[in-house]
Amino acid sequence: MTTHLDAPDATGVPVPPPTTTARRKRARPGIQLIIGASLIGLVAIVALVSLVWTPYDPETTVAADRLQFPSAAHWFGTDRFGRDVLSAVMAGSQITLLVGFIAVGIAVVVGVPLGILAGMRQGRLGDLIMRGNDILLAFPGLLLAIVFGAVFGAGTVTAMVALGIGSIPAFARVARSGTLQVMKTDYVFAARAANRSEFRIALRHVLPNISGMIVVQCSVNFGIAVLAEAGLSFLGLGTMPPTPSWGRMLQESQQFLGSYDYLAIAPGLAIAVAVLGFNLLGDGLRDRFDPKMRSNR
Amino acid sequence: MARRLLSSLGQFLATLLVATALIFVMLRVMPGDPAVVALGINATPEALAQWRAEYGTDQSLALQYLQWMGGLVRGDFGTSYVTSQDLSPLIVDRVQVTLILVGLSMLLALLVAVPLGMLAAIRHQHPSGVVLSGISQVGVAVPNFLVGVLLVAVFAVHLGWFPSGGWVAPADDPVEFARRLVLPVIALGSVQAAIITRYVRSAVLEIMREDFLRTARAKGLTKGAALVRHGLRNAGVPVVTIVGVQLAAMLIGSVVIERVFVIPGLGSLLVDSVGNRDLLAVQAIVAVLVLLVILINFLVDLAYTVLDPRLRKAA
Amino acid sequence: MNARTSRRALATTAAAAAAVLALSACSAGSSSGGSDTPSDAIVIGLTGEPVNLDFTTTSGAAIPQVVMNNVYEGLVTIDQEGELQPQLAESWEVSEDGTVYDFALHDEVTFSDGEDFTAADAVFSIERVQSDAWLNGTKSKMDVVASAEAVSDTELRVTLSRPSNAWLFDMGTYVGAMFSETGVDDLATTPIGTGPYTVESFVSGDRITLAGRDDYWGEEPDITDVTLRYFADAVASTNALRSGDIDMVYNMQAPDLMGQFESDDAFQVIEGTSNGEILLSMNNRVAPFDDVRVRQAVMYAIDRQAVIDAAWAGYGTEIGAMVPPTDPYYEDLTDMYPYDPEKARELLAEAGAEDLSITFDVPTRPYATAVSEIVVSQLAEVGIDASIQSSEFPAVWLDKVFTQADYQMSVILAVEARDVLATFNNPDYYIGYDNSKIADQVIAADSGTPEEYVSGMQEVVRTISEDAASDVLFLFPNLVVADADLDGIAANAVTESLILSGLTWSD
């Protein structure tokens, strides 16, 4: 995760522009979009199903069934406590999605209004906001999560909030740069001429026009949050047992590498699928929502 | 140019000041009186008072902050309440370890990502380019600790080619130092390589559509040669940006790799200090990490000026 | 834009990268790996690092593990069979009534700071335990001492307020450590004792190195260069062993890996005994565990053999009470609370505690997290919803659970020798067991004849078990994996101490 905590757009780095091929094929939904959406759909469906049904209770330990290789009864085998790995992977998707939703939610709710404000009020207020944003930028989400763990106790909630705060700068930057572009457009000039209130302009003109970029950023940050949560759980600072979490499953699988490899493969694959899904979705959406294309219209 | 530099520097210092103040305040919220943490719950009131006077925690927050900052400027992080050890040498030691690990991983990532990214861009319509692009996409999605755990399982435990972890100071034994770094650097660097490859690819693709490249190609240069002669510098801006972002993230992000490979870096020290509720140590480590991140952002800012002629002119 | 400038840009980047590396000058970090293992050196892997080295103010077994018998010595010590042996005292005599102990001390014993060890130091050490300087709760073991006096430099007389069967044994643990009158200024980092080793360096979060003393009064150890490396992760320590970085993993915390080492000739695997009980502690003072029926329900709800099998790969022994079989007053009480979830549910219903929700403070130790997962699952079966709260060990757990007793349920490895009384015969202890039923019995047993001691203590332990003061899940094995050429491993962890002086390489 480390890296990814971080990954591409954690800080609102200008996202890579769409490829020429992608532009050419823009009319159809890109292959990336389709694959990404399918992978995320898969994770989401698994999470929903696991709410009502898993093959076994993912938290019930059965000492007699410990460390069984994959079989018809246990498709992904069982772990050292005799718990069904498939069930745990299924239930683990809930935490993954929850952390992603909350973290991204916090970042959007705080970062986007700040970014829009900074973009519309370029002056002292705008400067101040962006300076504050730069300072926040110096506190990566993972660092916040570790320190918050000391202050508030480690756990899923602490992790979500810390990762959310850590992603605020990315959203503020994206929202601000989008707003700056929108503010230059004719219809905003017209709205201003017609004495529309700033709030109304933000709501009617700015927000709809930057929503595409925000959605792209959401998707990217979702992937980042998934990796970060896994990393925190790997360190023992994320989701607490017995709630299944992919990162902790990986951590627990360490002492069985070489003898029961499936214990690492299942959660590892699950993380990769979820992150890949969000990244592809982000890329695909970017091709569709590219602001340059929009302004060309 | 000079004005821009100065204003960057000013911003850098201001950011630093506010950030350290934030850290200081944030950690005062940490539950527990440091005197009680240090002396135990059975300590007498006199002992507690004496301790507080000795460590200065009975003074006002503002004064404590100033004293702490004064220490920071002199490179003195104070003495840990918990371990009674002098923090400065410990932290300096750990920072170096983390910088080496992160620096080498980034170097590896760039060595892999720049050529691969360019190749993927030049061949973006060929199957090989698509495959490269796909591999990098998957690489980004793999948690680096999984890479680390697998590398240990295969190359250290099973094959025995490399040590499973640990750290040897380069001065003690340069060969052993290098051997021990191979697996962690690959684990940390490979995922970075995947991320940067994607950025290099898009940056280069963007440039390939620019006029000057078309002209160069019209003059008879091959795609690759034209790119190397003219395009690299322009592709530099987004790449430097992402390298800066990733470096900043890796400083703390490497903690997981440090854990897997038992490397005594700054991130591991932070996690340990948090576990020990070692307030001063946590405060100092966070300050150092934040300082480094701000420093990186500052350097990236400077790099823009060097790389982008338009920015230079504007200044 | 020409080739020259782009090359310069490249050079700038390279220079920046070089600068990053140059910043981290060549001395970077201190080495933590790389043991080529000369014959007088050893690297031992441990989990659970001490915060500092001062056990007089800081609780936790990690400290005496390092310093007892290695840096500090006592008048007496406990050998690998759990028997009392002389150490700094050559011999001793006990008065008829069992209250006066006359110790004859070894002559020409020096502390590592060069000072002589005399009876005055012994008096100082004993009185220091009773003073405010000593904050560790185990100080109560010294309560029975009425006075200590130095008759001469080598003659020490200790007078007890009543006869005690336990006191001399306790003097073999860290309570009996002998300090120098002039050497207690910096116990946290510079312990000074009479033992064969001194602490050479303590690198927080990484390792402690010990060096053999050449002026040691006893037989100098073969291995004089000892490095104790601390691993946050049990698997990392076994990986380090396998790749030759360390020579031994002591108190190995990844039992599922034992099998792989057993089948490898390069390693020896020892399952030593220990005094460590995995204790599922319940706070007797707070709801719901202030109700004996709820505590008993927990005892019935837990299938201890299943806990051993699932959490610790079958290594470990059911003992039923906080008394290991090596103690004189051991009695098999494993049948007192058989696994009976039905009975547990009945008791909970009787106590009006159905659908109970509790918090479960789990220290961040491999055994604790492993045990907690299966305990939570078994408690869920009888309708107790335990939510796990992670407490960093040692700092947070010691502060929150142990010191402030701000918890409902926890789990801990209690490694101290003969700790049943320290744990239960003290209402202020974090367990909060109401000891009014046993307090008098304990004193009677301790003051009685050896036979009365055994039968009296057995009765005390039965009472504690009937009250279900806490659930002793199992006796923790001391798993040791080491290089096959290493001899003299003290694999039985009879006290907290890891005894280093017997270690030697066979070739």
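The secondary structure of chain A comes to twelve helices and zero strands, where helices (H or I, at least four residues) and strands (E, at least two) are DSSP runs numbered from the N terminus. The model is predicted, so local features need pLDDT of at least 70 and side-chain atom pairs count only at pLDDT 80 or more, whereas totals for chains, interfaces and linings use all residues. Residues are numbered from 1 along each chain as its sequence is written, chains are lettered from A and ligands numbered from 1 in the order in which they are written, and side-chain values use heavy atoms, with hydrogens and water left out.

Along the sequence, chain A reads α-α-α-α-α-α-α-α-α-α-α-α. Of its 297 residues, 60% are buried, that is, under 20% relative accessible area with a 1.4 Å probe and protein chains only; exposed means over 50%, and partly exposed lies in between. Among contacts in chain A with a separation of 6 or more, 74% are between residues 24 or more positions apart; a contact means heavy atoms within 4.5 Å.

Chain B has 14 helices and zero strands. Buried residues account for 57% of the 315 residues in chain B. For contacts in chain B between residues at least 6 apart in sequence, the share that joins residues at least 24 apart is 71%. Chain B exposes about 12600 Å², with 67% supplied by carbon and sulfur atoms.

In an unreviewed UniProt entry, the annotation "transmembrane region" covers residues 12–30, 97–122, 134–161, 181–200, 239–261 and 281–307 of chain B. UniProt positions are given in the numbering used here, feature names are shortened, and annotations may be inferred rather than shown by experiment. Residues 134–161 of chain B are 82% helix and 0% strand, with end C-alpha atoms 30 Å apart. For residues 239–261 of chain B, the values are 91% helix and 0% strand, and the end C-alpha atoms are 29 Å apart.

B:A203 counts as buried because its relative accessibility is 7%. Not counting residues up to four places away in sequence, B:A203 touches B:A235 and B:P238. B:A203 and B:G117 are 86 residues apart in sequence, and their C-alpha atoms are 9.0 Å apart in space.

For chain C, an unreviewed UniProt entry places the feature "domain: Solute-binding protein family" at residues 83–412. This span of chain C is 25% helix and 25% strand, and its end C-alpha atoms lie 26 Å apart. Helix α3 of chain C (residues 119–130) contains C:S125, which counts as buried because its relative accessibility is 1%. Apart from neighbours within four places in sequence, C:S125 is in contact with C:A177, C:M178 and C:F179. C:S125 and C:T238 are separated by 113 residues in sequence and by 39 Å in space, C-alpha to C-alpha.

Helix α11 of chain C (residues 395–403) has as its buried residues C:A395, C:V396, C:W397, C:L398 and C:V401. The cover over these buried residues includes α12 (266–275) of chain B, together with β14 (356–363), β15 (384–391) and β16 (409–414) of chain C. After α11(C) comes C:A405, with a positive phi near 50°.

The structure holds 14 cavities of 30 Å³ or more. On a 1 Å grid over the protein atoms alone, a cavity is a set of points where a 1.4 Å probe fits but cannot get out, and lining residues have an atom within 4 Å of a point. Grid points are joined across faces, edges and corners, and a volume is the space filled by probe spheres set on the points. The second largest cavity holds about 160 Å³ of space. It is lined by 17 residues, of which A:Q254, A:L257, B:V157, C:V235 and C:N239 are the closest to its centre. At least two lining residues of the second largest cavity come from each of α7 (144–158) and α11 (255–260) of chain B and α5 (234–242) of chain C. With five residues, α5(C) gives the most to this lining. The lining of the second largest cavity comprises nine nonpolar, five polar and three charged residues. Here Ala, Val, Leu, Ile, Met, Phe, Trp, Tyr, Cys and Pro count as nonpolar, Asp, Glu, Lys and Arg as charged, and the others, Gly among them, as polar.

Technical notes: 1 Å grid on protein atoms, 1.4 Å probe; cavity = no way out; pocket = protein on both sides within 12 Å on 5 of 7 lines; lining within 4 Å. Areas by Shrake-Rupley, 256 points an atom, 1.4 Å probe, with all protein chains shown as cover.
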